[in-house]
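Colleague: Please take a close look at one part of this model, the place where the two chains meet. I would like a connected account that I can follow with the structure open.

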Amino acid sequence: MTGRRLDGTIGPDLVVHGKLDGKSDLRIDGIFEGEIDVDGTIAVGPDGSVTAPLRVSALEIEGEVRGDVTASGGVSVRAGGRLVGDVRARRIAIDDGGSLQGGIEMDFDDGEAR
Amino acid sequence: MSVRTSLLPAGLTLVGSIEGKGDLVIAGTVEGPIEVDGDLLIEEGGVVRGDVRAASLVIKGQLGGDASAKVSLRVEPSATVVGDVAAPRVNIVEGARVRGRVTMTGEPVVPPAVRRRRRGPEPVPATASAPATAAPVTPPPSVSASEDHAPKARRRRRRGARKPPPPTIPTVPRQKARRKDRTFEPAP
């Protein structure tokens, strides 16, 4: 998903409070506090900080995210990225240097694992 | 688009506030106040319901709230603004729908220089500066009209002041008139 052009951007010196919803991709390099319910990919840049419960299509974290995440697609924590909260997603990837504090729940047929 | 430019894309709705540094483009919907130290553009299709503050402000979409710019404020033809707008320079392009008070704060730096240059050749350009000031077309012309009349009145006064010496002659008909009055008065 890296290299994919994201439509929206919250710049590094911008502070956004509130509830964000709709259908679009968004890159957050600034600070967001509130709630995100977006049908699209949210990317949190290295300097980005998100404190919010997230319901998204996909989430890519290079910065810091605090809140529970629900993703219909994949969640990836890149190097330097930090996620504090429970994650529910179809796919989860944590790269070297990425950190996750919380639980993981993935939707899959667990018949064989039991 | 520079790195400092932020964009709230079409399709996204924010119920809350945005504040900080850099330029900002709103193509989606924001319900709440916005304050940035850079340029703020409300794109065509963008909607903001809340007060907005920026260094310079361009509105192409819809704004329901008061707008305040430190430098300049421009309302494009596609825009709808319901609220007061305030800035040192306010441009409202023909076609824009605006309902609210327009306040041009402070003393504009550019407009006076333009007026001085244009006053020389013709007084007409004074009305030409009207679109630069605001949509209300009627007030500026009235100002220019009064400016036109003022010098004429001065000229008349000056001419009148120079003529008084000869009027010694006109005094004769005045005396005749008085005599006629006097002659008519006692008659009845």
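**The contact between the chains**

Modeller: In this predicted model, chain A and chain B bury about 1500 Å² between them, and carbon and sulfur atoms give 58% of that area. On the side of chain A that touches chain B, the elements that give two or more residues are β1 (8-10), β2 (14-22) and β4 (31-38). Of these, β2(A) supplies the largest share, nine residues. Sorted by class, this side of chain A has nine nonpolar, seven polar and six charged residues. Counting residues in contact, 22 come from chain A and 20 from chain B.

Charged residues are present on the chain A side, but the number of salt bridges between chain A and chain B is zero. Polar contacts do occur: eight residue pairs across the two chains make them, with both residues at pLDDT 80 or more.

The strand to follow on screen is β2(A). It pairs with β2 of chain B (residues 12-20) in the antiparallel sense, over nine bridges.

For comparison, here is some strand pairing inside chain A. Strands β10 (residues 69-77) and β12 (residues 87-94) of chain A run parallel and are joined by seven bridges, with Gly74(A) opposite Arg91(A) in β12(A). β12(A) also pairs with β14 (residues 104-106) of chain A, in the parallel sense over three bridges; there Ala89(A) stands opposite Met106(A).

Methods:
Residues numbered from 1 in each chain as written. Chains lettered and ligands numbered in written order. Predicted model: local features only at pLDDT ≥ 70, side-chain atom pairs only at ≥ 80, totals over all residues. Heavy atoms only, no water. Contact = heavy atoms within 4.5 Å. Buried area = accessible area lost by both parts, 1.4 Å probe. Salt bridge = Lys/Arg side-chain N within 4 Å of Asp/Glu carboxyl O. Polar contact = N/O pair within 3.5 Å; in protein donor to acceptor, adjacent residues only side chain to side chain. Helix = DSSP H or I, 4+ residues; strand = E, 2+ residues; numbered from the N terminus. Nonpolar A, V, L, I, M, F, W, Y, C, P; charged D, E, K, R; others polar. Pairing = 2+ DSSP bridges.
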